[in-house]
Amino acid sequence: MVIDFHTHVFPDKIAKSTIDALHSNSGNIPYTDGSVQGMLDAMERANCDVCVTLPVLTKHTQFESVTKFVCQINEKFSNCERKLISFGGMHPQCENIYEKMVELKKLGIKGVKIHPDYQNTFIDDEGYLEILRSAKKLDLIVVTHAGIDDGYIGQPVKCPPNLIKKAIEQVGLEKFVLAHYGSHLQWKEVLDVLAGENVYFDTAFSLHQIDENTFKDILYKHGDDKILFATDCPWRDIKDDIAIIKSFNLGKETEDKIFFKNAIKLLGI
Ligand SMILES: [Zn+2]
């Protein structure tokens, strides 16, 4: 079984334009057309069972429309074997953050995505701390983009390891997922500052860039119970990243935890 904990889909009518814009901004090549069907095709190619899809609110005013799309996805796949599970999106400038997250919880949504670079706010901002505190109260998962974003090269990194550590110390949310293996392209600091903290690292958009020794150093210091297989598809093809994990020869027990067991536990499915 394979669960991909970090993927993206867009409503059909904006899928192509969104993918085109993100591609020209970051230079990264898309492996799907951004649609739900495109993601299902990628899952089919990889024999992947479940994808967690993570919407990003680039403006706080998008909360309602994104939540509507999220609910449509979750309803559509509720009885499917191969399925998408969509998280909600939150923005640090949302008003009534706690109430909004209560609303998401009531809708059966398991967690929220935040993206400090796209949201132009540092992770230790009061808005994000309120999101993390609310998630802790409501037993929701928070996935944050972490580290350098390819679309924002040369600008201050809004969610680097030292600031993440500050947020962890202030809130202590256990169901906190740091994307891109703790912090994209900042793996030395991840090893020094974050490995061993009571948070999760997903492997999204990092397996093709990290060297095997660094991957293993972080894995062994952090522990294999808190690592989640993830790709960032459409920005990686799921099947290619499965092959990279397998090439690391981690042993069946660790592989199973990374590919699905840790995710099943965290999602409660
Ligand atoms: Zn992503």
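**Reading a predicted fold**

Student: Between which two elements is the loop that holds Phe205?
Tutor: This is a predicted model, in which local features need pLDDT of at least 70 and side-chain atom pairs count only at pLDDT 80 or more, while totals for chains, interfaces and linings use all residues. Residues are numbered from 1 along each chain as its sequence is written. Helices (H or I, at least four residues) and strands (E, at least two) are DSSP runs, numbered from the N terminus. In these terms, the loop that holds Phe205 lies between β8 and α8.

Student: Is Phe205 buried or exposed?
Tutor: A residue is buried if 20 or more other C-beta atoms lie within 10 Å of its own, exposed if 12 or fewer, and partly exposed in between, with C-beta atoms placed from the backbone. Phe205, which has a positive phi near 45° although it is a residue other than glycine, has 25 C-beta neighbours inside 10 Å, and therefore counts as buried.

Student: Why do the buried residues of α8 line one face of the helix?
Tutor: The buried residues in helix α8 (residues 212–222) include Phe215, Ile218, Leu219 and His222, whereas Asn213 and Tyr220 on the other side are exposed. The arc is taken from the directions that lead from the helix axis to the C-beta atoms. The buried residues line one face because, seen down the axis of α8, they fall within an arc of 100°.

Student: In what order do the six strands of the open sheet stand?
Tutor: Two strands pair if DSSP finds at least two bridges between them. The edge strands, β4 (88–89) and β9 (227–228), each pair on one side only. The pairing in this open sheet is parallel, and the order is β4-β5-β6-β7-β8-β9.

Student: Which residue in β7 is the bridge partner of Val143?
Tutor: Strand β6 (residues 141–144) pairs with strand β7 (residues 176–178) in the parallel sense over three bridges. From β6, Ile141 and Val143 point one way and Val142 and Thr144 the other way, and all are buried. In β7, Val142 has Phe176 as its bridge partner, and the bridge partner of Val143 is Val177.

Student: Which helix does the chain pass through as it crosses from β6 to β7?
Tutor: A crossover is right-handed if, with the strands pointing away from the viewer, the path from the first strand over the helix to the second runs clockwise. One right-handed β-α-β unit is made by β5, helix α5 (residues 126–138) and β6. The crossover from β6 to β7 is right-handed, and the chain passes there through helix α6 (residues 161–171).

Student: At what angle do helices α2 and α9 pack?
Tutor: Axes are lines fitted to C-alpha atoms, for helices over the stretch in contact, and angles run from 0 to 180 degrees between N-to-C directions. Two residues are in contact if their C-beta atoms, placed from the backbone, lie within 7 Å, and here Ala42, Met43, Arg45 and Ala46 in α2 meet Ile238, Lys239 and Ile242 in α9. Helix α2 (residues 36–46) and helix α9 (residues 238–247) have their axes 8 Å apart, and the packing angle is about 35°.

Student: Which residue does a cis peptide bond join to Cys233?
Tutor: The residue in question lies in the loop between β9 and α9. Omega of the cis bond is about 15°, and the residue joined to Cys233 is Pro234.
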